[in-house]
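This report is written for a reader who wishes to set the local geometry of a protein model beside its record annotations. The sequence and the structure are shown first.

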Amino acid sequence: MAMAVRRASASAFRALTSSRNLNSSILTRDLHASPGSKKIVGVFYRANEYAEKNPNFLGCVERALGLREWLESQGHQYIITDDKDGPNCELEKHIPDAHVLITTPFHPAYVTEERIKKAQNLELVLTAGIGSDHIDLKAAAAAGLTVAEVTGSNVVSVAEDELMRILILVRNFLPGYQQVVRGEWDVAAIAYRAYDLEGKTVGTVGCGRIGRLLLQRLKPFNCNLLYHDRVKMDPELENQIGAKFEDDLEAMLPKCDIIVINTPLTEKTKGMFDKDRIAKCKKGVYIVNNARGAIMDTQAVVDACNSGHIAGYSGDVWYPQPAPKDHPWRYMPNHAMTPHISGTTIDAQLRYAAGVKDMLERYFKGEEWEFPPENYIVKKGELAPQYR
């Protein structure tokens with residue numbers, strides 16, 4: 001359903017927005033796509049020679065979610081770049097007159113309050129994937145922007161990746177692989193800290209779609225399953241999985257042999273696992289974090305890995321991203337880190353490309369308030385509950 005208030009002229013809108021304080025009353029920008037060309041800007045990672053190796057590799061600059069032909073056939077302008085940082089980057093040139101910005105967690109364009117102030121025509125920010133913490137959500141809400149993502153697009157991909165990382169850490173897989181590459185053979189150097197997953201206690205901090213699916217995937221391994229979240233899962237599902245709800249995070253942590261981070265990055269969760277909280281975990285704990293790097297205190301993780309308090313740390317999320325060459329997580333012992341890849345499998349790319357196209361179609365038709373409800377991160381000045 002289109003909004004009742006029609007969009008003001010560009011000059012009037014600029015006069016209004018240039019004078020307002022982003023912390024003042026909410027102004028919801030009219031999302032009804034008026035006739036004529038819209039400028040859509042997409043920021044993705046560059047695939048280079050890999051772009052041609054798979055026709056379904058959609059999440060890169062070269063394929064641009066497979067949307068270029070469709071958008072341009074309707075008269076819209078579609079700008080694609082991977083150049084997103086610094087005052088002279090390509091993104092900065094196009095922000096002022098963009099109507100739609102498509103971002104991705106895997107090569108995040110940081111949509112700051114400053115950039116939002118410059119984006120006088122901006123109405124819609126879409127995340128191709130899950131996780132919109134690279135956007136200043138409060139500033140977006142105050143500016144009347146709508147922010148949405150493709151909820152569910154990466155659930156299977158990330159849950160499978162988390163299970164893989166748990167096994168890699170517990171079985172001490174990487175040293176064995178590295179031995180083979182180096183032409184070595186030393187079973188004892190691997191076996192002295194390799195364990196079975198069966199019988200271990202696994203706790204997930206956050207139990208949304210990904211956390212629940214991970215617990216379901218873990219059930220056949222005969223683990224003790226715990227979860228901490230804002231709300232309990234459906235009792236029937238909880239019983240089916242065999243998971244136990246832990247209301248008190250501090251009480252859950254020392255029970256866990258393995259901790260998996262599945263909570264979004266918010267003001268409340270930023271730096272959540274600092275030195276003190278890590279110290280409350282069981283000595284020799286394994287931690288898997290595919291949520292967001294900034295949930296962890298970077299140096300506290302390094303120190304705990306060096307001391308052995310954390311027996312192994314794995315994940316694909318860093319802060320910032322891309323991670324600089326001197327990021328300390330690259331060099332700490334017993335880690336199994338990768339670039340941010342878990343949610344950008346080819347299957348996930350097909351899902352989030354389709355989800356972005358669906359929302360753009362609705363936007364062009366004036367059906368901006370008819371996105372799948374779970375996709376909204378900011379709607380009519382209100383943040384989704386997990387970001388409040």
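## Sheet and annotated domain

The model is a predicted one, and its description can begin with an open sheet of 7 strands, arranged in the order S2-S1-S3-S4-S5-S13-S14 with mixed pairing. At the edges stand S2 and strand S14 (382-383), and because each has a single partner strand, one side of each is left without a neighbour in the sheet.

Although strand S2 (residues 77-81) stands at an edge, 4 of its 5 residues are buried, so S2 is largely enclosed by the rest of the structure. Its pairing with strand S1 (residues 39-43) is parallel and extends over 5 bridges, with valine 43 standing opposite threonine 81 in S2.

An unreviewed UniProt entry assigns residues 71-368 the annotation "domain: D-isomer specific 2-hydroxyacid dehydrogenase catalytic". In the model this span is 36% helix and 16% strand, and its end C-alpha atoms lie 17 Å apart.

## The annotated positions and serine 153

Under "binding site", the unreviewed UniProt entry lists Ile130 and Asn154. They span 25 residues in sequence, yet no two of their C-alpha atoms are more than 6.9 Å apart, so they gather at one spot. Both Ile130 and Asn154 are included in the lining of the largest pocket.

Isoleucine 130 is placed in the loop between strand S4 (124-127) and helix H5 (137-142), whereas asparagine 154 is found in the loop between S5 and H6. Beyond residues up to four places away in sequence, isoleucine 130 touches Pro105, Glu149, Val150, Thr151, Gly152, Ser153, Asn154 and Arg292. With the same exclusion of sequence neighbours, asparagine 154 touches Ile130, Ile210 and Gly343. Asparagine 154 has a relative accessible area of 8% and is therefore buried, the limit being under 20%.

Serine 153, one of the residues that isoleucine 130 touches, is located in the loop between strand S5 (146-149) and helix H6 (155-170). Its relative accessible area is 3%, so serine 153 also counts as buried. The side chain of serine 153 reaches the backbone oxygen of valine 150 at 2.8 Å, and valine 150 is itself among the residues touched by isoleucine 130. Leaving aside residues up to four places away in sequence, serine 153 touches Gly129, Ile130, Ala348, Arg351 and Tyr352.

## A buried loop residue elsewhere

Threonine 263 is placed in the loop between strand S9 (258-261) and helix H12 (275-280), and with a relative accessible area of 15% threonine 263 is buried. Not counting residues up to four places away in sequence, threonine 263 touches Val205, Gly206, Thr269, Ala291 and Ile295.

## Backbone exceptions

Most residues other than glycine have a negative phi, and most peptide bonds are trans. The exceptions gathered below therefore deserve a careful look.

| Site | Feature | Value |
|---|---|---|
| Tyrosine 319 and proline 320 | cis peptide bond | omega about -5° |
| Glutamine 321 and proline 322 | cis peptide bond | omega about -5° |
| Asparagine 48 | positive phi | phi about 55° |
| Lysine 380 | positive phi | phi near 55° |

Proline 320 lies in the loop between strand S11 (310-315) and strand S12 (335-337), and proline 322 is likewise placed in the loop between S11 and S12. Asparagine 48, for its part, lies in the loop between S1 and H2, while lysine 380 is found in the loop between S13 and S14. Asparagine 48 is partly exposed, with a relative accessible area of 46%, and lysine 380 is also partly exposed, with a relative accessible area of 46%.

Key: Residues are numbered from 1 along each chain as its sequence is written. This is a predicted model: local features need pLDDT of at least 70, side-chain atom pairs count only at pLDDT 80 or more; totals for chains, interfaces and linings use all residues. Side-chain values use heavy atoms; hydrogens and water are left out. Helices (H or I, at least four residues) and strands (E, at least two) are DSSP runs, numbered from the N terminus. Buried means under 20% relative accessible area, exposed over 50%, partly exposed in between (1.4 Å probe, protein chains only). A polar contact is a pair of N or O atoms within 3.5 Å; within protein, one must be able to donate a hydrogen and the other to accept it, and residues adjacent in sequence count only if both atoms are side-chain atoms. Contact means heavy atoms within 4.5 Å. UniProt positions are given in the numbering used here, feature names are shortened, and annotations may be inferred rather than shown by experiment. On a 1 Å grid over the protein atoms alone, a cavity is a set of points where a 1.4 Å probe fits but cannot get out, and a pocket is an open set with protein on both sides within 12 Å along at least five of seven lines; lining residues have an atom within 4 Å of a point. Two strands pair if DSSP finds at least two bridges between them.
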